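Please consider the following structure with care.

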Amino acid sequence: MEKVLITGAAGGLGCLLRKELKGWAKSMRVSDLADLGAAAPDEEVVQCDLADLDAVIKLVDGVDGIIHLGGKSIEGTFDNIIESNIRGTYNIFEASRQLGGKRIMFASSNHAIGFHHRDRQLDGNTPQRPDSIYGLSKCFGEDLARYYYDKFDIESVSVRIGSCFPEPRDRRMLATWLSPNDFVRLMKCIFEATRVGATMIYGASNNREQWWDNRHAAFLGWQPEDSSEVFREKIESTHPQPGWDEPAVRYQGGTYASVGHFED
Ligand code: NAI
Ligand code: 15L
């Protein structure tokens with residue numbers, strides 16, 4: 001990888017990749033709406049609103065691959081989600097098309113399938129089932145990725161990230177947890193593969209409880225190595241087991257599925 005662009009680079013996952021992909025990519029262009037501090041050696045820092053197409057075309061010009069993390073990362077107002085996630089993601093794919101087709105990693109989310117029950121194991125053929133306006137915007141991004149591949153041959157991998165934090169924060173995350181190291185390894189696999197087409201992959205570590213089956217994406221060669229099991233005792237002793245009939249427990253998306261409409 002010569003030059004990689006990371007959008008949303010001031011956020012949690014962006015900061016992680018900015019640090020961990022150093023050296024793997026010869027240079028990095030990091031971008032966000034928020035302040036990113038000074039550029040490190042072999043880095044360019046570009047402050048940019050993803051909702052501005054002209055700015056995004058300049059942002060994408062000259063890079064070889066795009067790690068698209070930028071956007072609203074939780075439920076929000078419809079207007080906010082439209083600008084950052086719908087328009088922002090469209091602008092990234094459109095800039096890639098106009099500039100000759102850069103491979104894109106799209107940070108989708110488990111909330112694109114959050115209304116599936118937890119006792120159902122999902123795979124590459126399971127239909128989307130969003131649990132929120134946020135989840136809907138991730139479904140849009142995944143469909144956009146498919147469309148840009150079918151029509152323009154823009155390759156991408158949409159990663160339905162589970163919960164990527166240093167540690168699981170509750171009982172649900174014992175199943176959805178994606179360790180930061182497994183996430184970094186996945187990013188490398190995505191850009192090192194010869195061809196990826198338009199692929200969707202679930203992003204969870206090698207946890208005891210598995211809701212998602214990634215056999216359809218085995219060609220990427222990603223094998224998660226970490227497991228949430230080391231945190232089980234800590235989580236179970238601090239988070240009481242809720243009733244199994246509660247919606248937040250029945251659905252994969254947890255509270256995203258059980259809460260009401262954000263703007264009410
Ligand atoms: P974060 O909220 O920490 O970072 C997102 C970044 O995007 C922020 O720095 C924000 O300033 C930037 N941003 C928002 N709107 C923007 C705009 N219009 N133009 C430019 N930048 C904008 O989120 P986090 O946790 O780092 O997640 C990164 C991506 O991964 C997000 O797209 C999120 O939806 C997705 N994801 C993350 C998960 C996780 O467990 N961390 C789980 C599932 C999906
Ligand atoms: C997400 O999509 C969010 O970005 C993250 O903040 C967590 O809420 C995660 O899903 C999750 O489901 O745990």
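Which residues point one way from β5, and which the other way? In this predicted model, Arg103, Met105, Ala107 and Ser109 point one way from β5, while Ile104, Phe106 and Ser108 point the other way.

Strand β5 covers residues 103–109, and because seven of its seven residues are buried, the strand is largely enclosed by the rest of the structure. A residue counts as buried here when its relative accessible area is under 20%.

The next step is to examine the partners of this strand. In general, the strands of a sheet pair through backbone hydrogen bonds, in either a parallel or an antiparallel manner. Strand β4, residues 65–68, pairs with β5 in the parallel sense over four bridges. Within this pairing, glycine 65 stands opposite arginine 103 of β5. Strand β6, residues 156–161, also runs parallel to β5, and six bridges join the two.

Seven strands form an open sheet with parallel pairing, in the order β3-β2-β1-β4-β5-β6-β7. Strands β3 (43–47) and β7 (198–203) are the edge strands, since each pairs on one side only. From one strand to the next, the twist averages 20 degrees.

Helices accompany the sheet. Helix α2, residues 53–60, packs on the sheet and touches β1 (3–7), β2 (27–32), β3 and β4. The direction of α2 makes about 165 degrees with that of β2. Helix α6, residues 180–192, lies across β4, β5, β6 and β7, and runs at about 145 degrees to β5.

Two further helices pack against each other. How are α3 and α4 oriented relative to one another? Helix α3 (residues 78–98) and helix α4 (residues 133–152) pack at an angle of about 15 degrees, with their axes 10 Å apart. Angles under 35 degrees count as roughly parallel, and α3 and α4 are therefore roughly parallel to each other. Helix α3 passes α4 in a right-handed crossing. Among the residues making the contact are Phe78, Ile81 and Phe93 of α3, together with Phe140, Leu144 and Phe152 of α4. By class, this contact of α3 with α4 has twelve nonpolar, four polar and two charged residues.

Conventions: Residues numbered from 1 in each chain as written. Chains lettered and ligands numbered in written order. Predicted model: local features only at pLDDT ≥ 70, side-chain atom pairs only at ≥ 80, totals over all residues. Heavy atoms only, no water. Axes fitted to C-alpha atoms, helices over the stretch in contact; angles between N-to-C directions. Parallel < 35°, antiparallel > 145°, perpendicular 65-115°, else oblique. Left-handed = near helix turned anticlockwise from the far one by under 90°. Contact = heavy atoms within 4.5 Å. Nonpolar A, V, L, I, M, F, W, Y, C, P; charged D, E, K, R; others polar. Buried < 20%, exposed > 50% of the residue type's maximum accessible area, 1.4 Å probe, protein only. Pairing = 2+ DSSP bridges.
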